[in-house]
Amino acid sequence: MRLIIYTGKGGVGKTSTSAATAYRLSQLGYRTILMSTDSAHSLGDSLEVRLGTDITRVCDNLDALEIDIIHEMRTKWKDIQDYIAAFMLSQGMGEISAEEMAIVPGMEMIAALFYVNLFEEKNMYDVVVMDTAPTGETLRLLSFPDVTNWYLDRAFPMIRRLMRIAKATVGKFTDIPIPSDEVLESVEDIKDNMSRVKGILEDPQRTSVRLVLNPEKMVIRETMRAYTYLSLYNKNVEALVVNRLLPLEAGDTEFFRDKMKEQDENMSFIHSAFDPMEIKTCYMMRTELRGRDKLGQMADMIFGDEDPAKVYSKSSPLGFETVDGYPALTIRMPFVEKKDVELFRLDASTLMVHVGSQKCNIQLPDVLSHSDISGAEFKDDKLVIRFQRQAYDQRRGVRGLHKAEQGPHREDDRSPERSCPRVH
């Protein structure tokens with residue numbers, strides 16, 4: 001199953017671009033679903049189809065779905081919603097307010113990822129096209145499996161044990177509801193699903209993120225930041241769609257001449273920043289873009305005779321390799337200066353990379369756990385984090401393993417988060 005995710009700053013035309021892509025794919029014979037994770041849905045408007053809470057057939061080979069989190073909570077996570085509402089009521093909150101508070105932030109994102117997992121397991125579609133919320137929300141969506149897995153892997157077994165004890169002790173003497181086994185099973189189901197969907201999202205052969213932007217300086221800058229953060233989260237950004245370009249026949253007034261000059265300058269900036277990434281363009285149309293005929297025209301402008309399911313780049317942004325004879329973690333990190341990067345060792349097997357407003361927990365392979373970091377630097381838009389070779393070699397050869405575990409960082413392991421060498 002192919003997964004294509006469109007994201008970008010609000011108002012740049014993500015929904016129209018997503019719809020045009022999905023419509024063209026359906027015309028080519030792919031079983032396609034177009035899915036929106038934006039709470040301010042507009043897919044139905046773009047397709048001129050009324051969409052409900054369930055998957056809707058739009059035309060041959062094309063289905064559509066707008067995630068309705070209230071419906072998803074009531075049908076998929078009613079145990080969690082009922083527990084949160086009961087807890088709020090026990091704290092004196094009114095019944096209606098308690099039900100509203102039971103809509104957990106981020107559940108829309110989890111619901112979307114659950115659908116991806118369902119479509120994969122049941123082989124329901126050849127291509128899933130995802131129309132996402134503006135960039136900030138999309139980053140939360142795509143980082144959810146990492147965050148969820150990291151916390152639940154460590155916290156969930158302990159929580160489950162504590163809940164069993166609580167039911168047998170304090171649960172008999174308090175009005176505060178204790179999570180039932182059904183609630184805990186729902187949480188565990190989320191954990192298991194996130195583990196599976198993480199593999200789909202981080203497979204560059206199947207999953208692509210495409211950034212939609214307009215030829216405006218502020219939008220370009222935000223797109224550059226989005227590319228950096230998506231690379232940090234190990235997501236394959238393989239194409240740009242520059243939308244709403246002024247056509248040459250826009251007009252010969254002084255206003256349009258100035259706008260065309262500005263557009264040409266910004267397009268040069270886009271190419272200098274993002275080349276050799278695949279860059280698609282789409283010009284403004286004379287009438288509002290709605291309905292399948294207009295979506296077909298838009299697909300023609302963007303893709304021409306190409307198959308929209310094509311993967312333009314299959315390289316993963318994050319990987320482990322040998323650099324100058326040292327085992328190293330490399331992360332593609334465009335548009336970043338070394339002063340913007342911080343490294344922390346959360347524990348023996350987890351490294352946190354903090355860039356700008358985003359941070360990512362990276363699970364180290366067994367052979368690098370307990371290996372100290374010997375240095376970090378930038379090389380060709382890549383952050384290269386080198387590890388000490390001795391501990392690495394000892395782990396690979398097994399012999400002397402106890403010495404590696406008793407290395408110079410042993411005392412620091414008492415702290416849950418400790419600084420690593422600065423990036424050079």
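Which strands does helix α1 lie across? Keep that in mind while we look around. A reminder before we start: this is a predicted model.

Here is the answer. Helix α1 covers residues 14-27. It lies across β1, β2, β3, β4, β5, β6 and β7. Its direction makes about 165° with β5.

Now the sheet itself. Eight strands form it, and the sheet is open. Read the order with me: β3-β4-β2-β5-β1-β6-β7-β8. The pairing is mixed. At the edges sit β3, residues 56-59, and β8, residues 278-283. Each of these two pairs on one side only. On average, neighbouring strands in this sheet are turned by 25° against each other, ignoring direction.

A quick reminder on strands. They pair in a sheet through backbone hydrogen bonds, either parallel or antiparallel.

Strand β1, residues 2-7, runs parallel to β5, residues 127-131. Five bridges join them. Find I5, then look across to β5: its bridge partner there is M130.

Next, a hairpin. Strands β11 and β12 form it, with two residues between them. These strands run antiparallel, and six bridges join them. F344 stands opposite M352 in β12.

P317 is placed between α11, residues 291-303, and β9, residues 318-323. Is P317 buried or exposed? Its relative accessible area is 4%, and buried means under 20%, so P317 is buried. What does it touch? Leaving out residues up to four places away in sequence, P317 touches S231, N234, K235, N236, T330, I331 and R332. Look at S231 in that list. It is 86 residues from P317 in sequence, yet 5.4 Å away in space, C-alpha to C-alpha.

Finally, zoom out to the whole protein. It has 13 helices and 16 strands. Of its 424 residues, 50% are buried. Consider the contacts with a separation of 6 or more: residues 24 or more positions apart account for 73% of them. The accessible surface comes to about 20600 Å². Carbon and sulfur atoms hold 49% of that surface.

Definitions and conventions
Residues numbered from 1 in each chain as written. Predicted model: local features only at pLDDT ≥ 70, side-chain atom pairs only at ≥ 80, totals over all residues. Heavy atoms only, no water. Pairing = 2+ DSSP bridges. Helix = DSSP H or I, 4+ residues; strand = E, 2+ residues; numbered from the N terminus. Buried < 20%, exposed > 50% of the residue type's maximum accessible area, 1.4 Å probe, protein only. Contact = heavy atoms within 4.5 Å. Areas by Shrake-Rupley, 256 points an atom, 1.4 Å probe, with all protein chains shown as cover. Axes fitted to C-alpha atoms, helices over the stretch in contact; angles between N-to-C directions.
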